[in-house]
Amino acid sequence: MERKVRVRFAPSPTGALHIGGVRTALYNYLFARQHGGDMLLRIEDTDSARFVPGAEEYIIEALQWLGIGIDEGIGCQPAEGSTREWEQPKEGLPMQAGPHGPYRQSERREIYHQYVDQLLNSGHAYIAFDTPEELEAKRNEISNFQYDARTRMQMVNSLTLSKEEVDARIARGDKYVVRFKIEPNEDVHVHDLIRGEVVINSSILDDKVLYKSADDLPTYHLANIVDDHLMEVTHVIRGEEWLPSAPLHVLLYRAFGWEETMPQFAHLPLLLKPDGNGKLSKRDGDRLGFPVFPLEFHNQKDGTVSSGYRESGYLPEAVINFLALLGWHAASDQEIFSMQELIEQFSLDRVSKSGAKFDYEKGKWFNHQYLQNYTGAQLLPQFLAAVPAEHKEAVLEKGENVIAHVIDLMKERVNFVPELWDQAAFFFVAPAAYDEKSLKKRWKEESPAHMRELYAILEGINEWNAETLDKIVMEWIAQKEYGVGLVMNAFRITLVGAARGPHIWEITNVLGKEETLRRLQTAIERLA
RNA sequence: GGUGCUAUCGUCUAGGGGUCUAGGACAACGGCCUCUCACGCCGUAAACCGGGGUUCGAAUCCCCGUAGCACUACCA
């Protein structure tokens with residue numbers, strides 16, 4: 001029986017959504033869309049101690065910005081005229097919707113109780129009273145201590161205690177956990193869509209904690225399996241860090257009797273640090289000067305601020321394209337993909353097995369590519385946002401059409417909109433100083449004299465356009481045999497302040513006659 | 001330490017026994033374009049971790065080693 005494809009992205013609200021998590025979400029989304037399936041967003045907040053306020057909203061906003069749509073669960077917005085079940089936001093938390101809710105694990109306590117009991121009753125789990133301190137002591141005392149078939153009979157649990165004692169302890173309020181009872185010496189096979197068959201012997205697995213009475217919440221493993229089953233998830237696409245616990249999950253499905261509908265697994269390669277070794281982390285971003293989060297995040301818990309791709313000037317389609325290729329490659333050599341093309345061409349069997357070092361330089365290139373698709377008018381608001389306050393007025397004075405034109409002129413030379421100001425400031429603000437290197441190379445002894453002559457010529461031109469200026473100036477240079485490069489480069493320095501920028505008549509067009517002459521005059525005076 | 005995963009240019013990767021004197025992209029370098037700087041275009045340099053097998057033939061399959069990574073919590 002073919003089931004409808006259903007995948008989920010299930011982050012933990014412990015801070016900003018890491019860029020690796022974004023890629024996981026993207027791959028899930030692409031897979032769902034390609035198969036006409038559903039993409040769910042579930043919040044795994046079973047660790048109350050690590051909850052960070054705002055993280056959930058952040059995740060939703062990030063996915064929205066990137067165009068990763070959610071069909072069911074948290075952050076799912078009702079469509080016009082929708083007849084589906086919608087739950088009202090809880091205490092200002094984001095809206096959730098779908099037939100398998102709630103989609104926040106902290107709101108599913110009762111559901112988990114039922115399944116914990118099922119495992120307890122079927123003998124697949126037991127209650128353990130060992131305190132975290134006692135376990136810690138045990139680990140210090142015995143190297144490689146593991147709570148499993150070899151050791152569980154020496155511990156304080158319902159296997160070693162009488163029924164009365166267990167009941168008494170619970171009755172008097174002793175904190176306990178429920179542990180999964182793993183039968184030793186069994187080869188557990190996990191079929192991974194990316195890696196193939198992975199076999200692990202159950203003896204190396206420990207009796208994982210499934211539920212803790214202290215906060216009346218299950219742990220990841222239990223909640224994950226129960227939810228994926230109840231939510232009819234067909235494919236679990238997640239990071240490679242979960243591969244070692246996949247056999248445990250298989251065992252859990254088996255214990256519940258859900259093996260028939262167990263989802264298929266695909267463990268994605270990790271995103272690694274660009275330099276050195278290890279997994280890409282938040283600190284690498286700070287250290288190497290690039291964002292590791294999609295959006296800027298203000299952590300209310302520890303007061304830190306992390307930079308984001310959006311605020312750094314990245315276009316969402318560039319981030320998507322860049323991330324898609326970090327671990328996946330099309331059958332062809334194509335590298336530029338729209339979301340639609342990714343949906344059409346993505347496939348799990350073309351996902352690489354090895355970790356990918358995060359190549360920030362290539363990300364810049366992607367942004368450059370996508371930036372060229374936008375017109376100056378479209379980029380205008382972003383450009384204006386990057387203009388320093390003290391120059392705002394001078395820029396606005398030019399009018400939107402001229403500013404948009406300048407952006408069109410300059411956008412091909414930058415990777416990001418915010419960089420545009422550095423490149424284009426001279427259009428709006430006269431050079432305060434002249435670049436030493438440019439001067440040395442392009443400002444010659446005869447330059448002041450040339451510029452004085454040029455000033456006189458330009459002053460007499462009334463038709464201030466590129467064609468006329470070019471014709472008259474070139475004729476003058478040719479007649480005097482001054483050399484085009486010599487004159488034009490000096491002229492450029494007077495207008496720009498350095499030997500760079502677009503074609504000179506583009507500059508004079510934007511500046512206008514009056515400003516052009518003013519800058520020429522200033523330079524003649526200062527560089528004579 | 002244990003277990004698992006992985007291993008092609010600096011980086012992301014193509015490659016799934018002969019078409020590989022190993023292809024593409026980023027970055028680097030050089031050239032062209034040109035009034036400058038960029039963009040763009042063209043080009044150069046740059047890799048199959050090591051050792052054994054299997055085979056007529058191995059980057060491709062197997063084994064061993066080595067290295068990297070992940071996991072090894074009442075975190076996810």
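**Reading a predicted fold**

Mentor: Lys411 counts as buried, because its relative accessible area is 12%; buried means under 20%, exposed over 50% and partly exposed in between, with a 1.4 Å probe and protein chains only. This is a predicted model, in which local features need pLDDT of at least 70 and side-chain atom pairs count only at pLDDT 80 or more, while totals for chains, interfaces and linings use all residues. Residues are numbered from 1 along each chain as its sequence is written, chains are lettered from A and ligands numbered from 1 in the order in which they are written, and side-chain values use heavy atoms, with hydrogens and water left out.

Trainee: Where is Lys411 found, and which residues is Lys411 in contact with?

Mentor: Helices (H or I, at least four residues) and strands (E, at least two) are DSSP runs, numbered from the N terminus. Lys411 belongs to the loop between α14 (400-410) and α15 (420-424). A contact means heavy atoms within 4.5 Å. Leaving aside neighbours within four places in sequence, Lys411 is in contact with His368, Leu371, Gln372, Tyr374, Thr375, Leu379 and Leu420.

Trainee: Is Val395 buried or exposed, and what does Val395 touch?

Mentor: Val395 is counted as buried, at 1% relative accessibility. The residue has its place in helix α13 (residues 389-396). Not counting residues up to four places away in sequence, Val395 touches Phe383, Leu384, Val387, Ile403, Trp421 and Phe428. For a sense of distance, Val395 and Arg310 are 85 residues apart in sequence and 24 Å apart in space, C-alpha to C-alpha.

Trainee: You have mentioned Arg310. With which side chain does that of Arg310 meet in a salt bridge?

Mentor: A salt bridge is a side-chain nitrogen of Lys or Arg within 4 Å of a carboxyl oxygen of Asp or Glu. The structure holds 37 salt bridges. In one of them, the side chain of Arg310 meets that of Glu61 at 2.5 Å, N to O. This pair links distant parts of the chain, 249 residues apart: Arg310 lies in the loop between β16 (305-306) and α9 (316-324), and Glu61 in helix α2 (residues 55-66). Arg310 is partly exposed at 29% relative accessibility, and Glu61 is partly exposed at 38%.

Trainee: How many residues apart are Glu361 and Lys364?

Mentor: They are three residues apart, about one turn of the helix, and both lie in helix α11 (residues 360-371). Glu361 is exposed, with a relative accessible area of 52%, whereas Lys364 counts as partly exposed at 23%. Elsewhere, salt bridges that share partners join Arg8, Arg42, Glu44, Arg108, Asp227 and Asp228 into one network.

Trainee: What surrounds Asp227, and which residues does Asp227 touch?

Mentor: Asp227 is found in helix α6 (residues 220-230). Asp227 is buried, with a relative accessible area of 0%. Not counting residues up to four places away in sequence, Asp227 touches Arg42, Gln105, Arg108 and Tyr112. A polar contact is a pair of N or O atoms within 3.5 Å; within protein, one must be able to donate a hydrogen and the other to accept it, and residues adjacent in sequence count only if both atoms are side-chain atoms. The side chains of Asp227 and Tyr112 make such a contact at 2.6 Å.

Trainee: Let us turn to open spaces. Which residues lie nearest the centre of the largest pocket?

Mentor: On a 1 Å grid over the protein atoms alone, a pocket is an open set of points where a 1.4 Å probe fits, with protein on both sides within 12 Å along at least five of seven lines; lining residues have an atom within 4 Å of a point. The largest pocket is lined by 42 residues, of which Pro11, Ser12, Thr14, His18 and Glu241 lie nearest its centre. The elements giving two or more residues to this lining are β1 (6-9), α1 (19-34), α6 and β12 (235-239). With five residues, α1 gives the most.

Trainee: What classes of residue does the lining of the largest pocket have?

Mentor: There are 15 nonpolar, 16 polar and 11 charged residues. Here Ala, Val, Leu, Ile, Met, Phe, Trp, Tyr, Cys and Pro count as nonpolar, Asp, Glu, Lys and Arg as charged, and the others, Gly among them, as polar. The second largest pocket is lined by 14 residues, and Asp130, Thr131, Pro132, Leu135 and Val177 lie nearest its centre. By class, that lining has eight nonpolar, two polar and four charged residues.
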